[in-house]
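This report describes how the parts of one protein model are arranged. The sequence and structure come first, followed by the description.

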Amino acid sequence: MNLFRRIKGTQDILPEDSIKWIVLENKIRVVMQKYNFSELRTPIFEQTELFARGIGQLTDIVAKEMYTFQDRGKKQITLKPEMTAPIIRAYLENKLYAQSQLNKIYYIAPLFRQENPQAGRLRQFHQFGAETLGSSAAEADVEIIDLALAIYEAIGLKDLKLVINSVGDAEDRVRYKKILQDFIKPYLKNYCPDCQRRFDENPLRILDCKNETCSNLNKNAPKIADHLLPESKDHYEKLKNHLSALGIAFTENPYLVRGLDYYTRTVFEITSDALGAQNAICGGGRYDLLAEELGGQPTPAVGFASGIERLLMVAEKQNINLSDSQRLNVFLVTMGEKAQDESLAWLKKIRNTGLRAELDLLSRSVKAQMREANRQNAEFVLLLGENELHNKSFSVKLMDKGEQVDVPFNELINFLTIQSKK
Ligand code: HAM
């Protein structure tokens with residue numbers, strides 16, 4: 001058995017790439033904080049029942065994709081496939097509603113779904129997202145959409161498309177379900193087995209089917225937006241008006257229903273043509289009934305989640321630079337044991353100024369150390385040997401200028417801070 005093989009659908013984020021993640025995560029956090037969202041971190045696994053009840057038994061996630069196992073205490077555990085249900089669980093369990101009527105939460109987390117891996121579809125992937133808990137106002141929906149777009153803008157992503165729809169509230173859905181079933185029934189035998197299974201309990205999901213025959217049959221289906229009661233209709237109109245007022249372009253897709261069952265009223269996706277089949281970098285919507293469905297107090301809520309791997313794919317296609325901006329400032333080359341003994345103390349002083357500094361840990365020859373300093377594109381190379389120790393001064397090579405100067409020990413820090421471009 002080859003032990004050097006990662007599990008299918010997972011990725012190692014290597015040092016050359018992890019820096020992009022760090023830069024990206026920092027940008028996400030800065031915007032989240034501007035919008036006054038606070039981070040909530042939840043465990044990597046939860047009781048299976050939380051997701052089964054929260055996301056819906058008939059969804060692909062719960063029916064086919066969860067990593068579920070029994071632990072040694074015979075409890076059914078699931079690696080979290082999404083964050084909305086855990087956030088609501090944590091909100092209810094920790095009674096966050098008692099501290100504040102409105103809670104604005106964000107997260108960055110790894111998630112697990114046993115899907116068929118392909119470009120942009122992994123078994124362990126990562127999302128960042130935000131949830132506003134406690135408000136039913138359309139303004140909260142708009143703030144969530146605006147927040148997602150503000151993050152993409154801070155990253156520099158271009159040409160994204162926002163698609164919206166309203167799936168109504170519980171009452172709208174009962175009425176629409178019947179209208180939709182009446183439309184589908186005569187053709188039901190032509191639909192795929194998944195859709196036939198969904199017909200009784202969850203016909204709305206039939207609208208989301210990617211099967212070509214099904215989507216052709218769906219082309220003339222009645223639109224839920226045409227059947228909303230005044231309150232939901234008003235909510236949807238407000239959403240659209242606010243988006244327009246903010247200058248946020250959107251298109252309506254009357255058949256957008258999303259793959260999780262908890263949505264009420266607003267649903268939306270943000271897509272990029274830079275991606276292939278898996279073109280959604282973001283999905284979200286309102287889920288006013290989820291807290292109650294999990295046995296908690298009624299809490300209107302709205303949120304979004306965005307796939308980080310997909311976002312990075314778009315960034316790469318669009319040549320967006322997410323690399324580390326600080327280069328290596330100092331490489332300290334030592335000659336002889338005495339110099340080596342003093343090198344760590346010098347490095348600490350240099351690093352304390354905020355400069356990035358490195359030394360040789362492989363006892364290499366001076367020539368090899370110089371080569372390494374070059375390879376790492378150091379801004380300055382400091383030479384410390386017998387002579388330098390004796391004269392109490394460093395020989396400093398300014399690599400960009402190709403010059404070499406002697407800098408007394410007591411002037412070194414000053415010299416570096418003034419000379420460095422950082
Ligand atoms: P979702 O549509 O299942 O929604 O996932 C949101 C985003 O996560 C997708 O648009 C995609 O970018 C990314 N994603 C999903 N599955 C994978 C995968 N297997 N590999 C790579 N990326 C993936 C949710 O998870 C909801 N919790 C969103 C939400 C938050 N609704 C309300 N609040």
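Predicted model: local features only at pLDDT ≥ 70, side-chain atom pairs only at ≥ 80, totals over all residues.

## Aromatic pairs

The structure holds ten aromatic pairs, where rings of Phe, Tyr and Trp (its six-membered ring) pair if their centres lie within 6.5 Å. One of them joins Phe128 and Phe304 in an edge-to-face arrangement, with 5.9 Å from centre to centre and 85° between the planes. Planes under 30 degrees apart count as stacked, over 60 as edge-to-face and the rest as tilted.

Residues are numbered from 1 along each chain as its sequence is written, and side-chain values use heavy atoms, with hydrogens and water left out.

## The sheet of eight strands

Helices (H or I, at least four residues) and strands (E, at least two) are DSSP runs, numbered from the N terminus. Eight strands form an open sheet with mixed pairing, in the order β1-β5-β6-β11-β10-β9-β7-β8; two strands pair if DSSP finds at least two bridges between them. The edges are β1 (38-39) and β8 (251-252), each with a single partner strand, so one side of each has no neighbour in the sheet. Within the sheet, β10 (residues 280-286) and β11 (residues 301-307) run antiparallel and are joined by five bridges. Arg286 stands opposite Val302 in β11.

Two helices that pack on this sheet are α4 and α10. Helix α4 (residues 84-93) touches β5 (103-112) and β6 (124-133), and its direction makes about 45° with that of β6. Helix α10 (residues 230-245) touches β7 (160-166), β8, β9 (266-272) and β10, and its direction makes about 160° with that of β7. Contact here means heavy atoms within 4.5 Å. Axes are lines fitted to C-alpha atoms, for helices over the stretch in contact, and angles run from 0 to 180 degrees between N-to-C directions.

## Helix α6 and its partners

Helix α1 (residues 15-34) packs against helix α6 (residues 138-155) at about 135°, with the axes 9 Å apart. The two are therefore oblique to each other; angles under 35 degrees count as roughly parallel, over 145 as roughly antiparallel, 65 to 115 as roughly perpendicular and the rest as oblique. On the α1 side the contact is made by Leu24, Lys27, Ile28, Val31 and Met32, and on the α6 side by Leu147, Ala150, Ile151, Ala154 and Ile155. By class, this contact of α1 with α6 has nine nonpolar residues, no polar ones and one charged. Ala, Val, Leu, Ile, Met, Phe, Trp, Tyr, Cys and Pro count as nonpolar, Asp, Glu, Lys and Arg as charged, and the others, Gly among them, as polar.

Helix α6 also packs with α10, at an angle of about 40° and with the axes 9 Å apart. This pair is therefore oblique. Ala138, Glu139, Asp141, Val142 and Ile145 of α6 meet His235, Lys238, Leu239, His242 and Leu243 of α10. The contact of α6 with α10 has five nonpolar, two polar and three charged residues.

## Helices α1 and α12

The axes of α1 and helix α12 (residues 308-317) come within 12 Å and cross at roughly 100°, which makes α1 roughly perpendicular to α12. Lys20, Trp21 and Leu24 in α1 meet Ile308, Glu309, Leu311, Leu312 and Glu316 in α12. In this contact of α1 with α12, five residues are nonpolar, none polar and three charged.

## The sheet of three strands

An open sheet with antiparallel pairing has three strands in the order β2-β4-β3. Its edges are β2 (45-47) and β3 (68-70), each with a single partner strand, so one side of each is left without a neighbour in the sheet. Neighbouring strands are turned by 35° against each other on average, direction ignored. Three bridges join β2 to β4 (residues 76-79), and Glu46 stands opposite Thr78 in β4. Helix α2 (residues 48-55) packs on this sheet, touching β2, β3 and β4, with its direction at about 75° to that of β2.

## A hairpin

Strands β15 (residues 393-398) and β16 (residues 403-408) run antiparallel and are joined by six bridges. They form a hairpin with four residues between them, and Gly402 in the turn has a positive phi of about 70°. Phe394 has Val407 in β16 as its bridge partner.
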